[in-house]
Amino acid sequence: MLAVVGVGSQEELYAEIPETVRLRAPLDLPAGISESELFAELRRLAGANSPAGAMVSFLGAGAYDHYVPAVVDAITGRSEFATAYTPYQPERSQGVLQSIFEYQTAICELTGLPVANASMYDAGTALAEAVMIAVTQTGRKRVLVSRGVHPEYRQVLATETAGLALEIAEAACDDGVTAAALRAADTAAVVLQQPNFFGGLEDMATAARAAHDAGALFIAVVDPIALGILAPPGDYGADIAVGDGQALGNPLNFGGPYLGFMAVGEALVRRLPGRLVGETVDVEGRRGFVLTLQTREQHIRREKATSNICSNHALNALAALVYLSWLGKQGLPELGLLCARKADYLRARLLEIPGVAPYTAGPIVREFALRLPRPAAGIISALAERGYLAGVDAGRFYAGLDDVLVLAVTERRTRAEMDAFAGALADELATPGADRG
Amino acid sequence: MASTIYERSRPGRRAFSLPPCDVPERRLEELLPETLRRHAPARLPEVSEVQLVRHFTELSTLDYGVDTGPYPLGSCTMKYNPKINERVAALEGLRDLHPYQPESLAQGALELMYTLERWLAEIAGLAATTLQPAAGAHGELTGLLLMRAYHEARGRAPHKIVIPDTAHGTNPASVVMAGYEALSVRSDGRGGIDMDELAAALDGDVAGLMLTNPNTLGLFDEHIVAIAETVHAVGGLLYYDGANTNAVLGLSRPGDMGFDIVHFNTHKTFSTPHGGGGPGAGPIVVRDTLAAFLPVPVIVREADGRYRFDYDRPQSIGKVRTFYGNFAVLVRAYAYIRALGGEGLRTASEAAVLNANYVLAGIRDLFDVPYDRRCMHEFVVSAEPLKQYGVKALDLAKRLLDYGVHPPTTYFPLIVPEALMIEPTETESKDELDRVIAAIRAAVDDAARDPELLTTAPHTMPVGRLDEVGAARHPVLRQRFPEDGV
């Protein structure tokens, strides 16, 4: 091959790299290993963790331990999907294009909004992009975000928009739901999460009206499983809905990759970031699918693009679509109701324990927060030793909420597990444990 | 064409099974007030499990992946994705970890991330890594936010970022998202940055420069040392768009070239699957002067060998995504680097460069070669000579589909008319390269003999050429259900 290329050595191929920037020492990395050694090493690393299956988990807060059916792995594992690039050649990519079209449809159906993009990185980045849409659309620089929105989503919003000189104001969320009086004047967007970080259910319709009265857009951060039983954003007039699709057939994976979803009203279609698939016909009139409205995108518009995003989380979106197709029209509400019943049961059981009080007092669907008589961090550590992932310590995000524990209940938790967990928590709280707090 | 999953739906069919309700069966009406409830179910498909599997299996057969055949899509580094990486990423002890489980129960995951950070720093020739960005473009935004924080900490507020005209479109788009203004500089006659233009563009208002090296023409910028010096001289920083790192692993490090911030596309350089458009991962590595600004949390290793997340970083820019990064993608990147080792990575880059030069030698007589230099891992030729037959680069690409080869990137970079950008990668053997060369030669032969074969191509795909203009003019972006009317 060297002869065909017309060089005498491999070294000659690098003749154009200046000598001063050539690396003359080997990289300081471990030497390569065989596949069996590699498997052993990764098994060792995996073995140093305690996966959800080895514990009884009540962890949620943006990542949920729902069962992932086998069909999801079977489909997303097909290498035609997994090892393809972005579908730039539509005639040879109809499978992924059609699946994205079907995914967009599913997100429209879930959210009750007419247009959804092909997916984004996660809920936090989707929220940041939604706010950027609102800022462009309204020409305003102020944003009002409830403190009930996941603290990490808010942190991502603040970081990603750091160069845009926005004023991000917070609406109080002191008793598990956002304060009713929203100061929406002069804002580009009002943002609430349903259910919120504490599992509380917000009055989204009233918040949407307050936003619209002030000429602001209303952005709803929503949970796709809860949308099986909760009113969709389209019903209460949201202009943009975003959320995390992890719960739809995507494993926990220590935080990623998940998928952010985004749906908007017709008025905002041309401001959408990211990929969008549309239906069309070929030269013979046969139906086909293409990437469309690409004049919004960075590879065409460069600095005038709606966003820098040049990928989606296609394989995660495919998992979400397969999962939603597995559940179907009946299964999603059934799952939503099952989680709501179990969460309701567990909350009632835990509230029987002396010293435990509700933080989110109203209706819940999968997640809820409790006030404990001692700091949550110590309780979480103690219960981990008993095999429970008890929940998330709200104090890690909210000053003054060190005694608030946020718990999630998926369909995987049995009554027996919940009863045993209630017993373990009661036990722990009955033990003098101030030293642990 | 395949029916959609919604068209296959029939009322009452189901694939799902849920555990029985073992708690009191309170009615939805008791659990949720009327105003909060959903009143019409989402019209999700109702299909049996076998229908579901057949539907998506049918769709998969319409696609083309690296496992299907050669994929010389320039700038995308479509190398083979080793199967072992999928197996290890599926280990329960890595896959089923909740991001908020106690650190003591995730020591293996933290060790893996900590180690990968150090490996990436070594490969980049820089000091500190964040694994948080979800993709290359996301790494760019993160890097630009780091630049902003760096300048602010020095009491400066420059406004401009310099970008060569060969840059990926994500570069200028990221610049605007980060609140900067993009300043484009032209390339010179050898395809590198025009040094006079650069000198004219640089002043105290320049926050930094973004550069891909080798650039999108597949050419190594010979002036890189001087470029770095002049940018640093006005107080600017150098950002390395790592899209083309596959050319130089273990051969030349961005840090040694003078770059201050580097992103890697794990889905290009480190063999993680592209997934039809993602997920990828875009970790970035920075010089020690920028380490304090990296997103939180940072993983630290204690004296006793335990790992923990450190959120107490007062100068940090914050968080660019939820949780810690695309962990399962990073597991695959770890496995790839571990399997190859330093020498293996170097060998991979050498093969990538040799393969690109071999394909160029096999087809250069057919096209215009805009910059007659030694290419690195990819090259760009112009299909202008085909215009004599009334054939465009796009037509050639579509004809290649008929020959069973994925076409190259077309019409990029923008400075080369009728561009064909070809990147064979190191994982194609000589046989496959010869197949790619033969397919391109055959398609060009067709152009001379029967141009209509190209202008009406493809002929063997499930659909012919699609009406993209119509799709944009009258967007149909979701399933139309019969009850919606038209």
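Mentor: Happy to! Please keep in mind from the start that this is a predicted model. Let's begin with chain B as a whole, which holds 16 helices and twelve strands. Its radius of gyration is 25 Å, close to the 23 Å that the globule rule gives for 486 residues, so chain B is as compact as a globular protein of that length. If you follow the C-alpha trace along its principal axes, chain B spans about 75 × 70 × 40 Å. Of the 486 residues in the chain, 59% are buried. The contacts tell you something about the fold too: taking those in chain B between residues at least 6 apart in sequence, 71% join residues at least 24 apart.

Now look inside chain B. Where they meet, domain 1 of chain B brings 18 residues into contact with 17 residues of domain 2 of chain B. On the domain 1 side of that meeting place you will find eight nonpolar, eight polar and two charged residues.

Next, turn to the place where chain B touches chain A. Chain B puts 166 residues into this contact, and chain A puts in 164 residues. On the chain B side, the most comes from helix H12 (residues 327-363), which gives 19 residues. Sorted by class, the side of chain B that touches chain A has 95 nonpolar, 36 polar and 35 charged residues.

Finally, step across to chain A and pick out a sheet there. This open sheet has seven strands with mixed pairing, and the order in chain A is E2-E8-E7-E6-E5-E3-E4. At its edges stand strand E2 (115-116) and strand E4 (167-171) of chain A, each with a single partner strand, so one side of each is left without a neighbour in the sheet. Within the sheet, strand E6 (residues 217-222) and strand E7 (residues 240-244) of chain A run parallel and are joined by three bridges.

How values were computed
Residues are numbered from 1 along each chain as its sequence is written. Chains are lettered from A and ligands numbered from 1 in the order in which they are written. This is a predicted model: local features need pLDDT of at least 70, side-chain atom pairs count only at pLDDT 80 or more; totals for chains, interfaces and linings use all residues. Two residues are in contact if their C-beta atoms, placed from the backbone, lie within 7 Å. Helices (H or I, at least four residues) and strands (E, at least two) are DSSP runs, numbered from the N terminus. Ala, Val, Leu, Ile, Met, Phe, Trp, Tyr, Cys and Pro count as nonpolar, Asp, Glu, Lys and Arg as charged, and the others, Gly among them, as polar. Two strands pair if DSSP finds at least two bridges between them. The radius of gyration is taken over C-alpha atoms; the globule rule is 2.2 Å times the number of residues to the power 0.38. A residue is buried if 20 or more other C-beta atoms lie within 10 Å of its own, exposed if 12 or fewer, and partly exposed in between; C-beta atoms are placed from the backbone.
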